[in-house]
Every structure is written in structure tokens, then in C-alpha cells.
Amino acid sequence: MMRILIVDNDASSIAVTVSCLQPFGACEEASDRDTALARFKDAIDGGTPYQLVLVDINATDADGEPIVVAFRDIETQSHLAVAQQAYILVTATSCGRQMITDCLMGGGDDFFTKPLDKTKLVGKLHARGLLAGGASASSGPANVLDADDLLKQMSRKMAKGDPVLPPAMKIAMRIRQLIDCGAEIADVANLLRQDTAISTRLIKTSNSAFYRGVEKSTTVDQAISRLGLSRASEVVMSICCRGFFATTHPPYQGIVERLWWHSLACAHTTQMPFLNPDEKPDEDLFSIGLIHDIGKLLLLQAAAEVEQRRHASHQPPVSVEELVGLMNEHHVRFGNTLLEKMEAPDMYAKLIQRHHDTNAAGKKYSRSLKILQQANWLAKLAGFGLEPVDGQSLAEPMDALEIDESMREQAILEIPQQMEQLRYLFG
């Protein structure tokens, strides 16, 4: 039976809530913030955490941080698995939009205005799979992902500072900045020595069949000298991004891998001579190609947490097609938010924001944008896409981007060959 905590200081309101939920679980009450937090922590420590919490925000949040933030902090500090975390419903007789936003961004899962509507409340809990019998007939197919839920969770994570970027990503961006400022090999080598793992991988990569010279590199300085500063930066960025493309949800592993190989293929395609017949653009298109779909990865990671909750409540897995559709629609916004955390140059965000817009010609960045867009579609054509594509679906964007038959033939030939050589390094 579900364990429920009701946090409210109004006796009549508590009675209404209990009457709604008593058939579905054991209801416990707390009339103030301190009692609620103590009971919440004791439940986790005792091995039987609350599955549902209804909290009146006006009774607990007169001063200080919202109580939902404190609830989530207790779960985090207790290392409670995502699948075991409480579903928190915030309630209030009246409050402003900002208070609602703060609560939802801080960790609340949904908001209800009091007095509670029993039909709506029970329907919501049924739809979330928290009550016996799973999703109600009116809630739609059980394997459809709740888009609002996923996007709220993603926004909340970003507002709280997640995902935490690994130090390696910051080093990669710092190296790019050093090179743009005219740094010498010694400057870049000194920065790389701060991370032994990256340094070791860089030396190994410089000695691979793809990059190898006459003599074997044994130091960071030798590896950078062999590769050159620009190529060394590309390798470091690839090493760092590879570690970021991961998921804790095994069913999504295949999607993450396809996303990684599409990103790597796009990055390398931006450097191919048939896209750059003249001088190279000023922008670091290789790095931009690597992270142009990083927002999809963030949404995948958030969806994995939603899936773990669904699994715990015995709901079927969501439709992959539904998930991919959400990723395609919303990834640019979340990707740009992450770029801000990475302290990436402004041009990164401008190009990534428009990389699906084939009508963005005439802008000052149009040449770089066009190369990025061409690389993106050619990588898909060569078989390195998140979803299978056919010639008909590619015809319109390729015509709009002036990708002629010769470019298509070269892409189909050269991209798979290059990716095969890189599998040993970044597989």
C-alpha cells in the first residue's frame, strides 16, 4: 500500500485530502515544516520512503527556501534512487505564478489549487501510475511519454545546476580558448597535464593508425607537436565529449550510441575538403559539430529518470518514437542552456540554434552555418543518424543546402571509412 504524507495546517483541508486518498494508501499528517521534514527523513532512513507527498505551500513556505527543495535535498543526501523518490504535489488556496514556478523548478511534480477536486486529483495520480490499476482509460496510451513532465523535469534540473559538467569538458573549452588567443604548445600541454586521463588518451590517439607519424609520441608535448594545436584541440574535445555521451538506462544505450556517432561524423564532415574548398571559416566547426545535438542527450538523460519511475510503478516503457519526437522539437533550447554552462563562445549558440533552419541565408554567419548544416545531413545520408532516413526525406533539405550529387557520393564513400578508423579510438 502506498505511503502518503499530507503537509497542511488546516484541519478541514486535511480531512478532505484524507477522504480522497485513504482508499489508496496509508495517510500520515504533518502540520508544520519541521515536522514534515523530520518525518520525510525518518521514512527514508527506515527504508520505507513516502511515495506521495501533498504539501500546502502557504503553510510551510512563509520564509526561506521552498519545502520541496528541502525534500529533494534530503533524497539526494540520502542517495535515494530516482525510482524511489516521492511524487510531490504542491497545493495552495491562492498564490502567484512566481511561487508556483519556484516550487516546480525546485522539485515539485505538479500543482493543485485548493479546495482540491477529488476527481482531478485521483485522475492525475492514476495517470501517473501511483494508484492501483495504473493509468486511467482517459489518460491515453500507457506508453506515451508525458511531454510536460519531461520538460518540467529538465528545466528543474538545469535551474538547480544539473547536469554537472565533468572537469574534462571545461578543460576542452579552455584549450580552445587558449588556441584562439594564440597560445603556444607549451601552454596547452601545461593545461592538459591537469588531467592525466586526457593526457594519456591524447598520447595514445596521436600514436594510432589514424594520426601516427614516423616516431612514437611518449609525452603530451610530442603528441601536440605531431597533431598540431588545432587537431590536438579536436582530439581533446572528442575525448571529453565521448565520456559525456552516456546513460544509466540500458534501453537507451543504443540511442545514445547512435547520437554519439552522428555527432562525431558531423564534426569530421565539417573538415572534409569537399565542404571546405577554400579557406576554413573562423568558427570552430569541429567542436560545434560535436555538440550540436547535446540538448538531445540532456533530454535522454531526463527521460531515463522518468522511465525508472515508470518501471517502479509497473508501467510499460515509453514509445521510442515519442521520445525522439520530443528530442527533435526541444533539444536546441536545452542545448544552448548547457553551452552557457560550458562558457562556450556566443557563436556556438548562434549556429547551433539555427542548424535546422535551411532558410537562414544572408546572415553574417551563413557560410559557417551552411557547412554545419551540410555536414549534419551528409552524416545522416552516410548512415550516421539517430533515425533511419531515405532519399526522399533527404531530398528537400539537401536541395535547399545545395548539396549536389558529387558531394553526396563523396560523403557516402568517405564518412564511413573515417568513422571505421575512429571506432578504435572513440568506440
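Trainee: Which residue stands opposite T91 in β4?
Mentor: That's D56. A quick note before we go on: this is a predicted model, where local features need pLDDT of at least 70, side-chain atom pairs count only at pLDDT 80 or more, and totals for chains, interfaces and linings use all residues. Residues are numbered from 1 along each chain as its sequence is written, and side-chain values use heavy atoms, with hydrogens and water left out.

Trainee: What makes β3 and β4 a pair?
Mentor: Two strands (E runs of at least two residues in DSSP, numbered from the N terminus) pair if DSSP finds at least two bridges between them. Strand β3 (residues 52–56) and β4 have 5 bridges, in the parallel sense, so they pair.

Trainee: What joins β4 to β5?
Mentor: 4 bridges, and these strands run parallel. A92, for example, has T113 in β5 as its bridge partner.

Trainee: How do you know that β4 is mostly covered?
Mentor: 6 of its 6 residues are buried, meaning under 20% relative accessible area (1.4 Å probe, protein chains only; exposed is over 50%, partly exposed in between). Y87, L89 and T91 cover one side, and I88, V90 and A92 the other.

Trainee: Why is H79 called exposed?
Mentor: Because its relative accessible area is 71%, and exposed starts over 50%. H79 lies in the loop between α4 (67–77) and β4 (87–92).
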